[in-house]
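Please keep the sequence and the structure in view while reading.

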Amino acid sequence: MTVKGVTSTMIRTAAAVFALICVMAPVSLAQTGGSLSRPGVPADARTAPQSFSALSKRLMPAVVNISTSQVVATRLPTFPEGSPAERFNEYFGRNDDGFQRQGSLGSGFVISADGYIVTNNHVIEKADTIEVTFSDGRTLDAKIIGRDKDTDIAVLKISSRTPLPFVDLADSDEAEVGDWVIAIGNPLGFGGSVSAGIISATGRDLNTGRSDNFIQTDAAINQGNSGGPLFNLNGQVVGVNTAIISQSGGSIGLGFSVPSNTVKRISAALIKDGRVSRPWLGVNVQDADASLIKAYRAKGTTGAIVTRITDASPAAKAKLEVGDLILSIDGRTVAGVRDMTRQLSEKPIGKAVTFSIVRDGRQRDVPVILGELPDEDEPATAAPSETAGMSNDLGADLVALDDDVRRRFGAPRDMNGVAVTAVSTRGRAYNKLRKGDVIVEVNFQPVSAVADVIKRLDTAMQSPNQPILIRVKRRGETGGWFDQFVSIEIKK
């Protein structure tokens, strides 16, 4: 991308895995269960302190290093068991099924004593497992509460027997250019790293999404700082470090953070609902400069012009028209397309919003009831099928053994059962069942339909300490079929 005429590369700061992760000297988490963002005397953000050591030491226990791993399919062939080349599989990091485990590093910070953690979505987006490590070396497993691609914010949750130290989110609208800030995180795997700088700019648009509104800082931000906090001198999080612009891949003083006010809104929605609901108007707009405003015979110097209206959208129902010049929303001036998008993102769904527009040379107010933006990440809901199904308890795709499936897997006509077409790497059946297996019995009871398998599994789940015994027909390397029994743990 180009920033002020200079071509540079936008680099999301999720780091590659390093063999050694350095953390700070042990700090007892049990010593505090409250917010670390409440100093006795508010600091002057415009006056450089003699040292950042006291502030860093106080905040460090609430900042965590995040490590993730995922299992992916490799395009390279897997050498079969018994093959002279079998030993080369380990050099490519593959298991017997041709899968490879990859990992990445990032940062995050605790926002509540009961263990909610904020980080970037791109740090944990494809993770199978997530671990967080505190400055005292303690490592805990984390689960995803919710994530939002649009703002690149995610919320994790960990469990602890004792209250955790946490930090508060600042009012980022009060942050000013020139204020001192520090970043704490896990750059390049070096945990507990602190860098200092100032806020270089606010409201930056990097053309990465409709919610762009970054805080720019010259504090050193590197790969692995993703998801980590940018603190003001009061120890409050003013932003979440998300991206850098660099030609080399390292910090050149152009780091960007999601403002804390955005983080407040998104994290609250993720904790409450697991997703973010966004208001929807249903229009395309363009910026209106001073000359266009003058041509409309309107007052002011900024606005947005409607260029397209989606059928059956809130805008269409409110009878907005192509060519309408939008000057303000609920009395707040629209500075342009970006500003209009940001204003609408803060409006409630299902309640009237007043648009002040100019049409045919006359200014008028138009009330619009905003709808909900469809979730682009949610797949279309399909009707239940009698011939296919996914068992959530196994994590395997199952289909009835009809003629088409028999031809696909080479199963004989006299074989009855349910075929396995895929096995999730996250499911209980991973490394147990295989694609092409035909399930013929579950806990000694024969099955011939997907519904039979699911019914048997539902019954088995009532005894979580007893493994499920599954008998399958499996095709060997020579083409012949043989019986194979597998046991699957179902401990919750």
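This is a predicted model: local features need pLDDT of at least 70, side-chain atom pairs count only at pLDDT 80 or more; totals for chains, interfaces and linings use all residues.

A network of salt bridges links Glu441, Arg471, Lys473 and Asp483.

Side chains of opposite charge can pair when their charged atoms come close. Across the whole structure, a search finds 14 salt bridges. One of them joins glutamate 372 to arginine 275, with an N to O distance of 3.1 Å. This pair links distant parts of the chain, 97 residues apart: glutamate 372 is in strand 25 (residues 371-372), and arginine 275 is in the loop between helix 3 (260-273) and strand 18 (279-280). Glutamate 372 has a relative accessible area of 36% and is partly exposed; arginine 275, with 26%, is partly exposed as well.

Another salt bridge is formed by arginine 332 and glutamate 346, whose closest N and O atoms lie 3.9 Å apart. Arginine 332 is in strand 22 (residues 332-333), and glutamate 346 is in the loop between helix 6 (337-345) and strand 23 (352-359), 14 residues apart. Arginine 332 counts as partly exposed at 44% relative accessibility, whereas glutamate 346 is exposed, with a relative accessible area of 52%.

Which charged residue is buried yet has no salt bridge? This is lysine 157, placed in strand 11 (residues 153-157). The nearest side chain of opposite charge is that of aspartate 114, 5.1 Å away. The backbone of aspartate 114 does make a contact, however: its oxygen lies 2.6 Å from a polar atom of the lysine 157 side chain. Lysine 157 also lies over the face of tyrosine 116, at 5.4 Å from the ring centre. A charge over a ring is found at arginine 138 too, where the charged end sits over the ring of phenylalanine 134, 5.8 Å from its centre.

Next come contacts between rings. The count of aromatic pairs comes to two. In one of them, the ring centres of phenylalanine 52 and tryptophan 180 are 5.9 Å apart and the planes are at 50 degrees, so the pair is tilted. Phenylalanine 52 lies in the loop between strand 4 (15-16) and helix 1 (53-59), and tryptophan 180 lies in strand 12 (residues 180-185), so the pair ties together parts that are 128 residues apart in sequence. Phenylalanine 52 is buried, with a relative accessible area of 19%, while tryptophan 180 is partly exposed, with 24%.

The rings of phenylalanine 214 and phenylalanine 256 have centres 6.4 Å apart and planes at 70 degrees, so this pair is edge-to-face. Phenylalanine 214 is in strand 14 (residues 214-217) and phenylalanine 256 in strand 17 (residues 255-259), so the contact ties together parts that are 42 residues apart in sequence. Phenylalanine 214 is buried at a relative accessible area of 6%, and phenylalanine 256 is buried at 3%.

How are buried and exposed residues arranged around helix 8? Val450, Val453, Arg456, Leu457 and Ala460 are buried in this helix, which spans residues 450-460. Because these residues cover an arc of only 130 degrees around the axis, they are on the same side of helix 8. The face turned away from that buried side carries the exposed residues Ala451, Lys455 and Thr459.

Finally, the backbone. Most residues other than glycine have a negative phi. Alanine 312 has a positive phi, near 60 degrees. Alanine 312 sits in the loop between strand 20 (303-309) and helix 5 (314-317) and is exposed, with a relative accessible area of 59%. Aspartate 360 likewise has a positive phi, near 55 degrees. Its place is the loop between strand 23 and strand 24 (362-369), and at 70% relative accessibility aspartate 360 counts as exposed.

Note on methods:
Residues are numbered from 1 along each chain as its sequence is written. Side-chain values use heavy atoms; hydrogens and water are left out. Buried means under 20% relative accessible area, exposed over 50%, partly exposed in between (1.4 Å probe, protein chains only). Helices (H or I, at least four residues) and strands (E, at least two) are DSSP runs, numbered from the N terminus. The arc is that of the directions from the helix axis to the C-beta atoms. Rings of Phe, Tyr and Trp (its six-membered ring) pair if their centres lie within 6.5 Å; planes under 30 degrees apart count as stacked, over 60 as edge-to-face and the rest as tilted. A charge sits over a ring if NZ of Lys or CZ of Arg is within 6 Å of the ring centre and within 35 degrees of the ring normal. Lys and Arg count as positive and Asp and Glu as negative; His and the chain ends are not counted. A salt bridge is a side-chain nitrogen of Lys or Arg within 4 Å of a carboxyl oxygen of Asp or Glu. A polar contact is a pair of N or O atoms within 3.5 Å; within protein, one must be able to donate a hydrogen and the other to accept it, and residues adjacent in sequence count only if both atoms are side-chain atoms.
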